[in-house]
Amino acid sequence: MTSDKTRTPEPKETAEKTARDDVASKRRFEGRTNVVVASLLVFAIVLMGNYLSFRHYQRWDWTSEGVFTLSDRTRAVLHELDHDVDAWLVLSSAEPNYQDLRELLQRYRAESQRITLHFVDPDREPGEYRVLAERLRLGQVDLGGGTLGSDVAVVLESGERQWKIGRDDLVSVDLDAMEQGQARVDVRSEQALTGGLLEVTAGRPTKVCITQGHGEWTLGRGAERDLGALQDQMRRDNLDIQTFETRGAERVPEDCDAVFVVGPTTAFSSAEAELLRSYVQGGGNLFVAADPELRDEQITATGLEEVLRDFGIRIDRSLVLELDPRFLPQSATSPIGPYLVASWGDHPITRPFRDPPAGVLFQIARSVRPVDPDRATTLLSTSESSFAETELAQMIQRGEPSRDDADLAGPVSIAVATRVERLGEAPEGETEDAAEEREGGRVVVVGDADFLDSQYLGLQEVMNYELASAIVGWLTEREALIELPGRSVEARPVRMTQEDVDGLGFRVVVLLPAAIFFLGFAVWWNRRS
Amino acid sequence: MWTIAKREIVSFFVSPLAYVVLTAWAVLMGFQFYLLAAFAASQPFTAGATSESPLAQFFGGTTLFYLCVLVIVPLLTMRLIAEESRTGTIEPLLTAPVSEIAIVLGKFLAAMTFWCALFVPTLMYGWLTSRFGDVDLGALGATYFGLFTLGLSWMALGVLMSAIARNQIVAAMLTFLAVAGHFMIGLGQFVFPDDGAREIFEYVSVWGHLSTYATGVVDTRYLVWDLSITALALFVAVRVLEARRYEG
C-alpha cells in the first residue's frame, strides 16, 4: 500500500505542472522583456530629447532687476557672429564676481553656438592655469596681501586675435552709496564682453599709424617728447601701432584704421595734407594734437589748417590763457599753463566725464574751434575768464597777457571732433543706413599735445588718461564699448549685528523646529484621544 | 490616483515619525542657515539681492545642504510601494480596478507633497533675510522652482526604486545609490578639465543646476534633464508593476 505522501505523481499531473510552470515562466520572461525593451525605447527617446536640449537651449532671467538679461545690442552682435570665439574665464570660483560672470557667459553661449566657454580656476587647476597664462600672456600683478596673480578675468580669442578683460572692467561697487545703507553695483561686464567680441571678430586687428617726419612725438620711452604712456595704453587695448612717414608717401597704408599726428613742429606740405584729406574722405580716421609752436614770436602753421577747415575744424594761431585761479594748479600760476580744463561738450567721447565734471590738465594750448557748430562738436572748453591771445608778439613785448578786441573771448574751445562726408555724391533714394555706411572718417583735433605726456597720463587726479582712451576708442570705431549702457544694480546689503545673528539663530534653529515638533505632538495627541 | 495619493499623504502626516523627521530636518537646515547668515554678517559687504547673499548660498551653495537632501530622499520614498510588497497589500492593489499608472502617479504625487513640505519652513528664511537686507524675489522664485524640479526627478527615482525593491530597506539603499550617483556624476564638472566632458557633466550636475537657479536663472536644459529623469523613472516604475501583475 502506498500512502498519499509518498505517492509518485501521475505522468499526466507532472506534465500539467510542467506546462503551468512553462506558461508562468514564459509570462515572467515576457513581462520582464517587455519592461526592458520598453524602457530602452523610452530611454532612447529621452536621450535624443536631451541631446537637442543640450544643443539648443534658453536661459530665462527671473531676477527682479533683469541682471542677466542681455541688451538688444548684444543679442544682435551674437546673432551676427560669423567667427568662432573661445571665451576663457580665468577667475577663481571663490571670487565674488565669479558666479555672476559665469552666468553672463553662459547666456552669451545660449545666444550663439559660435561661442565656446572654458573655465579655468587658478586655485583648483593651477597647472592648467599656468600653461594657459603663459599662452595667453596673462601677466602677473600684485593683487594685494602679497598675492600674485593676473588681473585678467576673461580672455576672448578668435583665431589669432585676443581680447583681455580685466577685473576692474566688470563690476564696481559704489562705496559712497554703501555708507548710506545702499549698495549700488555697476555691472559693466556685458559692455566689456560685447565690446571684446566685436574686437576679436572684426576682420583684422585695429591699427594706429603715428606720423613721423615733422618733429612729431616719438614712440618708445626716454625721448623728451615721447608717446610711451599712450603707447602702453593702446597696447593694453590690443591696438597695433606703427609709425608712418608721410613725406614722399603716395597713400596712407590701407591697414591704418587711424592716423595720429602728435605735436608736429614743422609744417606738412600740401601734398601730405592732401594725402590725409583723401584718407579721411575715404573713411580713415585722423587725430591731430597740435601744440602751439612758437617761432619768431608767432605760432607756426601745421600745414593742415586748410584741410581741417574743410572738415569743419579751425586751428587758430592763438595761445589760450587761463585767468581763473581755480583752474591753475597750486604750483603754477602762469595763465599760459599748465591749467585744468573741465568744461565738456556733448559728444560720445565726453560722456563719461561730464557728470560730475572732471578735469584734464593741459600744458600750453591753442584754440581749436568748429567752423560750423552743426558740422563739428566742441569737446573741451576753458573757463569764462580765459581768452585766446592772437597777437603774441605784443604779449611777448609787454611781458604780460592783455585782452583786447582781436582776442577770442572765453570760454575757448580747445578740442573738437567731427565726422567727415565721404567723397562722391549720394546715390538717388539712398536710405539712412546706406548713408551712414557711406560716411567718411572721424576727426579729432586738440590744441595741445602735452596732455598726452607720460607724466600727465600717470596722474590719478586728472582725466588725461581717460580722455586719451576715449578719443582712441571713438577714432578706432569701437564706440560699442561706450554706447552699451552699464547696469546699475541696487541692493540693500545684509547688515547684522551679533545680536541680530543670535536672534536669527534662535528663530531658525530653535523656534521653527519646536513649532514643527509641537504640531506633530498635537496631531499625535488628537489621534490618541 | 487621487485616492491613492490622499491615502499616502494622510498616513504620512498623521505619523509621529514624520514630525520627528521634519523637526530634525528643520534643525539641520536652520543651523546651516544660521552659519551662513553669521558669515555674511562678518563680511564687510554682502549685497542682499545677489548670488552672494546668505539665501542664495543656502540653496545649493554648501555641501551640508546636499548631504541632508541625499539622506532624506530615501526616507521619504522607501515605503511608498516596497511596503505594499512586504505586507502583501500590493496584490489586492494590482488586482483592484485601478491602473498601474494611477498607482505610480498617486504614490509620486504623495512623494512630491512630502518634498514640498520639507521646504515650506525655509520660506521663513527669506522673510528673516529681508529684515536685514534686500531679497530678490525673482531669484528666490527661481530657486524654489529649481528645488521643485529636482524634487520631481529624485522623488520619481525613489518611486521607481520602491517599486523594484521588495522591502523598505532595500528600497532606501537603492534610492540613496541612485540619487547619490546622480549627484556624484555631476561633480565631474569640477574634476574633468576637458571642456567637452565638463560641459556634459555640468549638464547633469545637481550642484550646478541649483547654483544657477539660486542666481535667478532658469535654464531649459536643466528643466529638460529633470523632466526626462522623472518621465523615464515613472515609466519604468509603471512597467515594473505591470510585469509584477504578469508574474502573478
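Predicted model: local features only at pLDDT ≥ 70, side-chain atom pairs only at ≥ 80, totals over all residues.
Biologist: Why is A:F521 called partly exposed?

Modeller: Buried means under 20% and exposed means over 50%, with partly exposed in between. The value for A:F521 is 40%, so the residue is partly exposed. A:F521 belongs to helix 16 of chain A, residues 498-528.

Biologist: Which strands stand at the edges of the eight-stranded sheet, and what makes them edges?

Modeller: The sheet is open and mixed in its pairing, with the strand order 11-10-12-13-26-25-22-19 in chain A. Strand 11 (240-245) and strand 19 (343-344) of chain A each have a single partner strand, so one side of each lacks a neighbour in the sheet.

Biologist: How do you know that strand 19 of chain A pairs with strand 22 of chain A?

Modeller: Pairing requires at least two bridges, and two bridges join strand 19 of chain A to strand 22 (residues 376-381) of chain A. The two strands therefore count as paired, and they run antiparallel. A:S343 stands opposite A:S381 of strand 22 of chain A.

Biologist: What packs on this sheet?

Modeller: Helix 8 (residues 270-281) of chain A touches strands 11, 12, 13 and 26 of chain A, and its direction makes about 145 degrees with that of strand 12 of chain A. Helix 14 (residues 464-475) of chain A lies across several strands of chain A, including strand 19 and strand 22, and runs at about 155 degrees to strand 26 of chain A.

Biologist: Why is strand 12 of chain A called largely enclosed?

Modeller: Five of its five residues are buried, so strand 12 of chain A is largely enclosed by the rest of the structure. A:A258, A:F260 and A:V262 point one way, whereas A:V259 and A:V261 point the other way. In a regular strand the side chains alternate between the two faces of the sheet.

Biologist: What makes strand 10 and strand 13 of chain A partners of strand 12 of chain A?

Modeller: At least two bridges are needed. Strand 10 (residues 207-212) of chain A has three with strand 12 of chain A, and strand 13 of chain A has five; both pairings are parallel. A:F260 is the bridge partner of A:I210 and stands opposite A:F287 in strand 13 of chain A.

Definitions and conventions
Residues numbered from 1 in each chain as written. Chains lettered and ligands numbered in written order. Heavy atoms only, no water. Helix = DSSP H or I, 4+ residues; strand = E, 2+ residues; numbered from the N terminus. Buried < 20%, exposed > 50% of the residue type's maximum accessible area, 1.4 Å probe, protein only. Contact = heavy atoms within 4.5 Å. Axes fitted to C-alpha atoms, helices over the stretch in contact; angles between N-to-C directions.
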